[in-house]
Amino acid sequence: MKLDAKIPEGPLQEKWSRYKATCRLVSPNNKKKLDIIVVGTGLAGSSAAASLAEMGYRVKTFCFQDSPRRAHSVAAQGGVNASKNYQNDGDSAFRMFYDTLKGGDFRAREANVYRLAECSANLIDQAVAQGVPFAREYGGYLANRSFGGVQVSRTFYARGQTGQQLLLGAYSALSRQVAEGNVQLFARHEMLDLVVIDGKARGIIARNLDTGEIERHAAHTVVLATGGYGKIYYLSTLAMGCNGSAIWRAHKKGAGFAAASWTQIHPTCLPQSGAYQSKLTLMSESLRNDGRIWVPKKAGDDRPPGEIPEEERDYYLERRYPAFGNLAPRDIASRAAKERIDAGFGVGPQRNAVYLDFAHAIEEYGIDTIRERYGNLFRMYEKITGHNAYKRPMMISPAAHFSMGGLWVDYELMTTIPGLFAIGECNFSDHGANRLGANSLLQACVDGYFILPYTIGSYLAGELGTGKISPEAPEFDAAEQAVRDQLARLLSIQGSRTATDYHKELGALLYDKCGVLRTREGLQQAIDDIRALRADFWQNLKVPGSAAQVNSELEKAGRVADYLELAEVMCYDALTREESCGAHFREEYQTAEGEAQRRDGEFQFVSVWGYTGPEEEPELHREGLVFQTIQPSVRSYK
Amino acid sequence: MRIQLKIWRQENARAQGRMVDYELADINPEMSFLEMLDVLNEQLIQRGDMPVEFDHDCREGICGQCGLFINGRAHGPQAATTTCQLHMRHFRDGDTIYVEPFRSRAFPVIKDLRIDRSAFDRIIQAGGYISTRTGDAPEANALPIGHKVAEAAFDAAACIGCGACVATCKNASAALFTGAKVSHLAMLPQGRPEAAERARKMVQQMEDEGFGHCTNTGACEVECPQEISIRHIARMNFEYNRAGVLRK
């Protein structure tokens, strides 16, 4: 596997401008002869499909939901970062670049991260033009707040529904292109395989989830924008349908998979209350602007929170990280919470939570201000838990959230399969080993609106002589047959355990051994356990019905089958990285104060995994990270 | 808790549907309504039956994909709550619960409780956007928008497209859904140039899809999980009439 990042020459600040000024272009007349498939309609997919269609390409777009507007970007709450420096607090593209690189524990490419920061300001302009109703000051100008891991206010927000509003903006742009006939929309369709012809991505096999029909779609290039795979842990903040199948199946066709184990565990989610639980709802990080996190100083203290006096509370983030306090980055806040909970200081009926307390903020700013800032989040909290957070502190707990890992892409966002691009959360590019809050909406949008439209043109300029891609090619026959065979196999087992049952077991195993804390022994054990579970799955799975009908159990089974393979690569990824960085915390590698111990000498690279065959160990490749502008330092928030 | 369920089962769009009885014991009051259906489905699969198909995804009240008619009310008994955020603690031990799909001619049943709401997408495609393109946006702060206007536009933009307004309306009108988008964009300076024509095109599409007319009963705003006000329908009507005047 050749890993050429294709980073343009020149100073950091000029790389993207130089690329744009010199990349190959496709003329307007030729664009309409080129077909593009975009899989996924979240912020990355919708913004890409709309932008590419506006430029004149012929676009087909796919989502498993019943409408593009429902993709899980919709659930992002707190905000989107941009270095506008409207607050006059010293922000700049360079500062944002540095914060993001440091936030990711110096495990991302300088050039990509700088480009993300550089394009951030444009995104706010774009969204406002689409009618996104961001929060505004009384003078009519845009408002900002702070997110974790930074000391400026660069987060733009629309109450606690920023993802929804940005997605509806992208969806409206997409809808306009559908109406104009430039985009064909396939909702309730799931991509089940990638078709590769002569080494290039040329189409997909998809299943119509309303009819069960298997369809072939051919194109000159395929863009995956299928989001993260945090749902592999079963209990997560993701939607029930979020899955890793599109990228996993592309991986099996040759796309390198990078940093598979770098998964963000979000510190502020609602704790689990029982075995029936299907998801853990996120409470926005923005709450940490005004909320203070604490546990009782005495383990097992059963008093109601209001009766525990100030001096008997441990505001552990403020104690351990005085410079950033409650706005310490997510990986650090999650580890600190887990440390307190594991040490017996957890609160709530299952002792698996910590308090997030607004009493001080309500006293300082008044209840009306707090209601305006977070009203919908407090309401959501009450709906789910039955408790009023204006009167007593919220109880929160860490939960699986975002995948920093994903398909390896070069500077042009192309995977190791020529013609296959990966954008948004499904790629590994900008966040390193830990993503900062409000950077995921940003990356999805910047990839889709501003980067891919240039880089895909550079690839397609070489495809003008190719002509129409035929879905009758033998490669399509083979891919379709493989999909049909797998569906038949899943249905034929007729054992005794449901797909959900396997998913729950895998999730619990993975969270325990490859979650917030990892050890060599634990990961080795996990690999054995996953293999055994996967073998049992193929012996004992039970899927009712047939493939020729609506069958959500069959959909789930296919996704769990892929998770059972991906989980093993995650464990290899974590096992072979003998250092701690960002969200990857190996207990063997920590400082005397219990902080992550990076080992730059040995591990200043991104692990990229190659598929070697069924039941074979994956093959490790390395992309070395070169820092020319800044020097990696100890990542401290103290 | 012990729960009796009467659930709408329908094999496909053309089949005749019917209510089928199920019984569940040991339901935890902290479960969500959809988790209760998950428990039912796991039992049905083990028994060799087909599980009940229902729409859902985010399970945190924002994607708009879930939507069940529960005991005769869209999204069930709690105000401002989607089906996925309804919890069993709002029911009593021994209750009988009726579960049906959102019903409307424009929302055909696909299977059981799963319906086709693509008519909503086509209403948005008819004009629910500002005609801007990637790259042509001016500096965001060049055009101030008052705090109250931005907040009011947000109130309308908060629509999740679930269809509860249609399901609860005796006319199966999509006026609240359409009005919310017309109003959101009409309130913002960026959306003004197309406001009247947008309203005309979206209302036309709403009629073409087979949704009924609005007779201002206000049932939609009572059931809307985002508490969107029927004032937005008034604003849609205003823009629609303005379109009529402007065309003459």
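A residue counts as buried here if 20 or more other C-beta atoms lie within 10 Å of its own. Keep that in mind as you click through this predicted model.

**Stop 1: helix 4 of chain A.** Select residues 93–103 of chain A. This helix is mostly covered, with eight of its eleven residues buried. Colour Ala93(A), Met96(A), Phe97(A), Asp99(A), Thr100(A), Leu101(A), Lys102(A) and Gly103(A), and you have the buried set. Now bring up strand 3 (80–81) and helix 5 of chain A, which are among the elements that cover those buried residues. Before leaving, step past the end of the helix to Asp105(A), where phi is positive, near 55 degrees.

**Stop 2: where chain A touches chain B.** Show both chains. The contact takes 65 residues from chain A and 62 residues from chain B. On the chain A side, pick out helix 3 (43–55), helix 5 (110–130), helix 6 (162–179), helix 11 (367–385), helix 12 (440–460) and helix 16 (552–576), each of which supplies at least two residues. Which helix of chain A gives the most to this side? Select helix 6 of chain A, with its nine residues.

**Stop 3: two domains of chain A.** The contact between them takes six residues from domain 1 of chain A and five residues from domain 2 of chain A. On the domain 1 side, helix 9 (330–345) and strand 15 (394–403) of chain A are the elements that give two or more residues. Helix 9 of chain A has the largest share, four residues. By class, the domain 1 side holds two nonpolar, one polar and three charged residues.

**Stop 4: two loops in chain B.** Most residues other than glycine have a negative phi, which makes the next pair worth a click.

- Go to Asp26(B), in the loop between strand 2 (18–24) and helix 1 (33–46) of chain B. Its phi is positive, near 55 degrees. Is Asp26(B) buried or exposed? Asp26(B) counts as exposed, because it has 9 C-beta neighbours inside 10 Å.
- Then move to Ala172(B), in the loop between helix 4 (164–168) and helix 5 (175–187) of chain B. Phi of Ala172(B) is also positive, near 50 degrees. Ala172(B) has 20 C-beta neighbours inside 10 Å, so it counts as buried.

How values were computed
Residues numbered from 1 in each chain as written. Chains lettered and ligands numbered in written order. Predicted model: local features only at pLDDT ≥ 70, side-chain atom pairs only at ≥ 80, totals over all residues. Contact = placed C-beta atoms within 7 Å. Buried ≥ 20, exposed ≤ 12 C-beta atoms within 10 Å, placed from the backbone. Nonpolar A, V, L, I, M, F, W, Y, C, P; charged D, E, K, R; others polar.
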